[in-house]
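Dear colleague,

Please find below the structure that I am handing over to you. My notes on what was found in it follow.

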Amino acid sequence: MPNDSVTIGTVREPFSNFKSISNYFQPGVIQRLEIKDDDPVRTFLKSPQKYDSPKPQMSFLNNRLAIEYGVNPDIIATRDNARFLD
């Protein structure tokens, strides 16, 4: 890309994005939780690291927007808020 190129993107409200991904892609983790849980999304959100891929770049549920905008996946995986804000 030329040096004067710019990146343009959209930012979506995180929870509506999560709901959309859950409905459209139907990740296996949500499907597995639905079998044994009345509220699979709530269960997932209480401890997502327990159910989702440990590699954020492999997950559609773990802050996908941050990955798309170039946030280091390690920051997301470790949930390091201070590094994220920096």
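**Salt bridges**

The structure, which is a predicted model, holds two salt bridges. Side chains of opposite charge can pair when their charged atoms come close.

One of the two salt bridges joins Arg 42 and Asp 39. The closest N and O atoms of this pair are 3.1 Å apart. Because exposed means a relative accessible area over 50%, Arg 42 counts as exposed with its value of 53%. Asp 39 has a relative accessible area of 31% and is partly exposed.

Arg 83 and Asp 74 also meet through their side chains in a salt bridge, with an N to O distance of 2.9 Å. Here Arg 83 is partly exposed, at 35% relative accessible area, and Asp 74 is partly exposed as well, at 36%.

**Overall architecture**

How many helices and how many strands does the protein have? There are seven helices and zero strands. Along the sequence, the pattern therefore reads α-α-α-α-α-α-α.

The protein has 86 residues, and buried residues make up 27% of them. Its accessible surface comes to about 6700 Å², and carbon and sulfur atoms account for 53% of that surface. Among the contacts with a separation of 6 or more, 31% are between residues 24 or more positions apart.

**Two individual residues**

Arg 79 deserves a separate look. This residue lies in the loop between helix H6 (73-78) and helix H7 (81-85). For background, most residues other than glycine have a negative phi. Is Arg 79 buried, partly exposed or exposed? Its relative accessibility is 44%, so Arg 79 counts as partly exposed.

Gly 28 belongs to helix H2, which covers residues 28-36. With a relative accessible area of 32%, Gly 28 is partly exposed. Gly 28 and Asp 52 are 24 residues apart in sequence, and their C-alpha atoms are 9.4 Å apart in space.

With kind regards

Conventions
Residues numbered from 1 in each chain as written. Predicted model: local features only at pLDDT ≥ 70, side-chain atom pairs only at ≥ 80, totals over all residues. Heavy atoms only, no water. Helix = DSSP H or I, 4+ residues; strand = E, 2+ residues; numbered from the N terminus. Buried < 20%, exposed > 50% of the residue type's maximum accessible area, 1.4 Å probe, protein only. Contact = heavy atoms within 4.5 Å. Areas by Shrake-Rupley, 256 points an atom, 1.4 Å probe, with all protein chains shown as cover. Salt bridge = Lys/Arg side-chain N within 4 Å of Asp/Glu carboxyl O.
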